[in-house]
Amino acid sequence: MKKVILILSIVLLGIANVSAATPKKAAKKTTTKRTATAPAEAPIVISSAPLGDKTWMEKADAGDALAQAVVAYCYYDGGCGLPEDYAKALSYAQKSADQNCGSGFYVLGALYKYGYGVGKDEAKGKEFYTKAFNALVEEAKSDELFPQYLLGLCHCCGLGVAKSNDNGLPWIRGAAEKGFALAQNYLGRCYQNGWGVTKSETEAVEWYKKAAAQGLSWGANNLADMYYNGNGVAKSYTEAVKWYKKAAQMGNGGAANSVGNMYYSGEGVAKSYTEAVKWYKIGTDLGNGAACRNYASMYEDGEGVKKDYSKALSLYEKAAALGNEKAKDNIAKLNEKKEAESLGISEKRLAGVWYGGQGNVDFNMTLKANGQCIVKVSQYQANYGLVRMTYSGDWYLDGLYFKVSDLSVVSASAGYATRAVAEQAARKVKKLMVETISNLRVYDKNSIGFFRRQ
């Protein structure tokens, strides 16, 4: 608990540290190339800080509308001391919006546009962005830099108003020059990508350094990206991992995932699966879906930890809940792997795909070490709907039994004395299958590639 309080104390240092819209990273554990480059309209993170004698969290819980929006941003991306928590982001943003706060409308627009914590509804997101812009026009007249910065983003990203860097950048630059870390970070991205300014990676680095120096995690993360890729500075994995670690220690789950990737691959640090696991767990605890997926894969493969499919599956499910789409594929594959192992299958040997006029039909045969054969038939979604097969019934061939009914997924097994006998039976199945799938208007039987070795 003391550690959490300390992190929040450090992170809640001055609203001037609210981070710019930054894309979520989806790096695989085996892929460590990263970039700070992203579309101008990207998710936003924020590092909250005290205003006067109270922190934003305290003021938010006391009912302050602007503070509620700030806290909502913190939970929205989890890059500055608070873990990603879309439910809390939605709750605080709604409370802020209920008081007609433009900043609250803005975060609601982002949540609905991207479907974070709510069902994706771009129309509703657009509606909230429009309300945000209209309210921010007035709120930006105050001395508060946060609504001024958001108004600049509305113009630059075309949110609730026609896109215009000419109208937006003066607000961004003005806030950045006054020391507002969010604006400094975004201005760095403008220079890195040439958004409304002459592209200059050297200038981008300087603005990222300013943002990072104020404790803005995405400023530190983006600076790490620059060192990793050698953009605007001499390429240095050592410097990159140093800044990724600093960003992670500020509460940035994406940066923690990047540190894990570097330990996994041995870039800038000694290769260590144990350290990779440690940082993936940190990223997971901070609510980062990519880190959670990588953490799960370590349990699946038994790298740095004892292999544990149940733990891996639980983490993949958590990663999917955090918005990591790739984790859904991992869940399906891991369940298939568990099913195969429960059947005593040691390795897959045979597979084939038929190319039909309306889609593809997949047929694969897996052999156990003792020669038992597992057959599975499945269908693919085609542009014209689901592939359908005119044949429907049960097949019996040399002791092998399986059923196909409108190409629903099926599996069956039959025992064979040896693998060679199983493969001989499989060749007979091939002939029968080719004759049957002819009804799908197969246009190249030679491309079937049936039972090719994997």
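1. Are Y106 and Y129 buried or exposed? Y106 is buried and Y129 is buried as well, where buried means under 20% relative accessible area, exposed over 50% and partly exposed in between, with a 1.4 Å probe and protein chains only.

2. This is a predicted model, in which local features need pLDDT of at least 70 and side-chain atom pairs count only at pLDDT 80 or more, while totals for chains, interfaces and linings use all residues. Residues are numbered from 1 along each chain as its sequence is written, and side-chain values use heavy atoms, with hydrogens and water left out.

3. The count of aromatic pairs is 15, with rings of Phe, Tyr and Trp (its six-membered ring) pairing if their centres lie within 6.5 Å, and planes under 30 degrees apart counting as stacked, over 60 as edge-to-face and the rest as tilted. Y106 and Y129 form an edge-to-face pair, at 5.3 Å centre to centre and 70° between the planes. Because Y106 lies in helix α5 (residues 102–114) and Y129 in helix α6 (residues 122–139), the pair ties together parts that are 23 residues apart in sequence; helices here are DSSP runs of H or I, at least four residues, numbered from the N terminus. Y73, Y106, Y129 and F146 form one aromatic cluster.

4. Helix α9 (residues 181–193) packs with helix α10 (residues 201–213) at an angle of about 165°, their axes 8 Å apart, the axes being lines fitted to C-alpha atoms over the stretch in contact and the angles running from 0 to 180 degrees between N-to-C directions. That makes α9 roughly antiparallel to α10, a term for angles over 145 degrees.

Notes:
Helix = DSSP H or I, 4+ residues; strand = E, 2+ residues; numbered from the N terminus. Parallel < 35°, antiparallel > 145°, perpendicular 65-115°, else oblique.
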